[in-house]
Amino acid sequence: MGDGSHIDPRLLLSHKFPEDTYTYTERDVALYALGTGGCTRNAVDHDELKYVHHEDGLKHIKVLPTFAALFFGTGPLDKKIPGLQFDPQLLLHGQQYIELYKPLPSNATLKNKVSVVGLHDKGKAAILEMEVKCYDEASGELLCMNRGTIFLRGAGGFSESSQPYSYSNVPPNQVSAVKIPKEQPFAKFEDCTLPSQALLYRLSGDYNPLHSDPRVAKAAGFSQPILHGLCTLGFAVRAIIKCVCRGDSSLVKNILGRFLLHVYPGETLITEMWIQGSRVIYQTKVKERQRAVLSGYVDLHRLASLL
């Protein structure tokens, strides 16, 4: 290992995380839906009101599939992990993959099992892959699984330069690059984020000051606080549910999002969608800057009957 080592792979990969407990209520579900733009354009939108209101006599409100990303958050990195040292201000969220095994309940207590599934030395940075499996405490059922890719800038260089350390226990099909089709998309959906979007989304649990404190944002090289990447993912998947799933969120099976560029609160997001079998390839752009900020896919159990 070089002099700039920040990671001990042996300690990190062998670390056993204590089981986490995560409790949420309908209030958290509704707040998340609003934080990701639900009912912003139309407060009585038939496709989205069910995420914040007991519509048509429903006993429980519905849960957006991307709500599952909150169970991952930065939880694994909030703790002191043997063998891992990094500057939290240099952390970047590169990718999020979610598997949903059944629709999420509107309130629950979860038991979360955390593990490291990948570690790569990229010289100036380290890439850490974390997995969180979430079980319903009451039934013991596995509800969902998150895998997140975290870039730790300044934490690389911990292995021999001639043979950089690389370990992964992630299936290749979950980390392969998403190829955006050249043909015209099946659908486009335009949505405006609010100037206060990051302040609203952070109430779902991610209080990183990069998204709220102008001084921290400027120190990180941004002109103002930026939107959470997982908030942008929520906007994109919500667009797919509206345009491809015809409002039926239970059709969503798996979600992959690759974070390409930052979004400033108040910017307009345009999500383009292409259907390939039961997979929806998507790309989200910022209209004002004409830059792609997010890409990925959503796998469906089946296509909506109205398509």
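**Salt bridges around aspartate 191**

Aspartate 191 pairs up with arginine 41 in a salt bridge, their closest N and O atoms sitting 4.0 Å apart (a salt bridge being a side-chain nitrogen of Lys or Arg within 4 Å of a carboxyl oxygen of Asp or Glu). The two partners come from distant parts of the chain, 150 residues apart: aspartate 191 belongs to strand β7 (residues 187–192), and arginine 41 to the loop between α2 (26–35) and β2 (91–100). Helices (H or I, at least four residues) and strands (E, at least two) are DSSP runs, numbered from the N terminus. This is a predicted model, in which local features need pLDDT of at least 70 and side-chain atom pairs count only at pLDDT 80 or more, while totals for chains, interfaces and linings use all residues. Residues are numbered from 1 along each chain as its sequence is written, and side-chain values use heavy atoms, with hydrogens and water left out.

Aspartate 191 is buried, at 4% relative accessible area, whereas arginine 41 is exposed, at 58% (buried is under 20%, exposed over 50%, partly exposed in between; 1.4 Å probe, protein chains only). Aspartate 191 also forms a salt bridge with arginine 238, with 2.5 Å between the closest N and O atoms. Together with Glu48, the residues Arg41, Asp191 and Arg238 make up a network of salt bridges.

Elsewhere, glutamate 137 and lysine 111 form a salt bridge, the closest N and O atoms being 3.4 Å apart. The count comes to 15 salt bridges.
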